[in-house]
Amino acid sequence: MSTWTNDQLETIERVDEIEIAARRTDGTLNKPRVIWAVRDGDDVYIRSVNGSSAAWYRATRGRHEGHLKAAGVDADVTFTDVGAAVKDRVDAAYRDKYRRYAASIVDSINSPGAAETTMRVVPR
């Protein structure tokens, strides 16, 4: 699998939280972490609200592989670093999806430190 199905995209778009687990160098998965994810077209993006110092984010740096779970979506994934070109779209997607939360919370996920950790999540 190299693309998300419409059902998977709709689920990820609908749920507030997903679970992400990075794959260790020995092939096993780290403990899953609950994070926010957004959809932009046919792509799914995640970022670390705590920036590059977050343990779960650092764990993705090794193999760039892991696992995503969200309300019936259960997929092995690849974490692909993205450049600044998608930053504004991902910021907007976070603002739109999580607008019912306090502005300070949404501002945290859109902070420069969080934005630099933005990754596209691609099913494998």
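Predicted model: local features only at pLDDT ≥ 70, side-chain atom pairs only at ≥ 80, totals over all residues.
**Entry 1. Strands**

I began with strand E5 (residues 65-70) and strand E6 (residues 73-81). They run antiparallel and are joined by 6 bridges. I then looked at the turn of this hairpin, which leaves 2 residues between E5 and E6. Ala-71 sits in that turn and has a positive phi of about 45 degrees.

Next I followed E6 to its other partner. Strand E7 (residues 119-123) pairs with E6 over 5 bridges, in the antiparallel sense. In this pairing I found Asp-81 opposite Met-119 of E7.

**Entry 2. Glu-65**

Is Glu-65 buried or exposed? Its relative accessible area is 18%, and the cut-off for buried is under 20%, so Glu-65 counts as buried.

I also listed what Glu-65 touches, leaving out residues up to four places away in sequence. The list holds Ala-21, Ala-22, Arg-23, Val-77, Thr-78, Phe-79 and Arg-124. Separately, I noted a polar contact of 3.1 Å between the side chains of Glu-65 and Arg-63.

**Entry 3. Aromatic rings**

A pair of aromatic rings is described by the distance of the centres and the angle of the planes. I counted 5 aromatic pairs in the model. For Trp-36 and Tyr-98 the ring centres are 3.7 Å apart and the planes are at 5 degrees, so I wrote this pair down as stacked.

Where in the chain do Trp-36 and Tyr-98 lie? Trp-36 is in the loop between strand E2 (33-35) and strand E3 (37-40). Tyr-98 is in the loop between helix H3 (87-97) and helix H4 (103-109). The two are 62 residues apart, and the pair links distant parts of the chain. Trp-36 is buried, at 16% relative accessible area, and Tyr-98 is buried at 0%.

I then checked Trp-56 and Tyr-57. Their ring centres are 6.3 Å apart and their planes are at 90 degrees, so this pair is edge-to-face. I also noted a cluster linked by ring pairs, made of Trp-36, Tyr-94, Tyr-98 and Tyr-101.

**Entry 4. Helix H2**

Which residues of helix H2 (residues 55-63) are buried? I found Trp-56, Tyr-57 and Thr-60. Looking down the axis of H2, I saw these buried residues fall within an arc of 100 degrees, so they line one face of the helix. Trp-56 has 13% relative accessibility, and Tyr-57 has 9%.

The cover over the buried residues of H2 includes strand E1 (18-22), E2, strand E4 (43-46), E6 and E7. For Trp-56 I listed the contacts, again not counting residues up to four places away in sequence. They are Ile-20, Arg-33, Ile-35, Ile-46, Arg-47, Ser-48 and Met-119. After H2 comes His-64, with a positive phi near 60 degrees.

**Entry 5. Nonpolar cores**

In soluble globular proteins, nonpolar side chains tend to be buried together. I looked up the largest nonpolar core here and found 21 residues. Those with the most contacts inside it are Trp-4, Ile-18, Ile-20, Ile-46, Trp-56, Leu-68 and Val-121. Helix H1 (6-14), E1, E4, H2, E5, E6 and E7 each give it two or more residues. E6 supplies the largest share, 4 residues.

Conventions: Residues numbered from 1 in each chain as written. Heavy atoms only, no water. Pairing = 2+ DSSP bridges. Phe/Tyr/Trp six-rings, centres within 6.5 Å; stacked < 30°, edge-to-face > 60°. Buried < 20%, exposed > 50% of the residue type's maximum accessible area, 1.4 Å probe, protein only. Arc of directions from axis to C-beta. Contact = heavy atoms within 4.5 Å. Core = buried A, V, L, I, M, F, W, Y, C linked by side-chain atoms within 4.5 Å. Polar contact = N/O pair within 3.5 Å; in protein donor to acceptor, adjacent residues only side chain to side chain.
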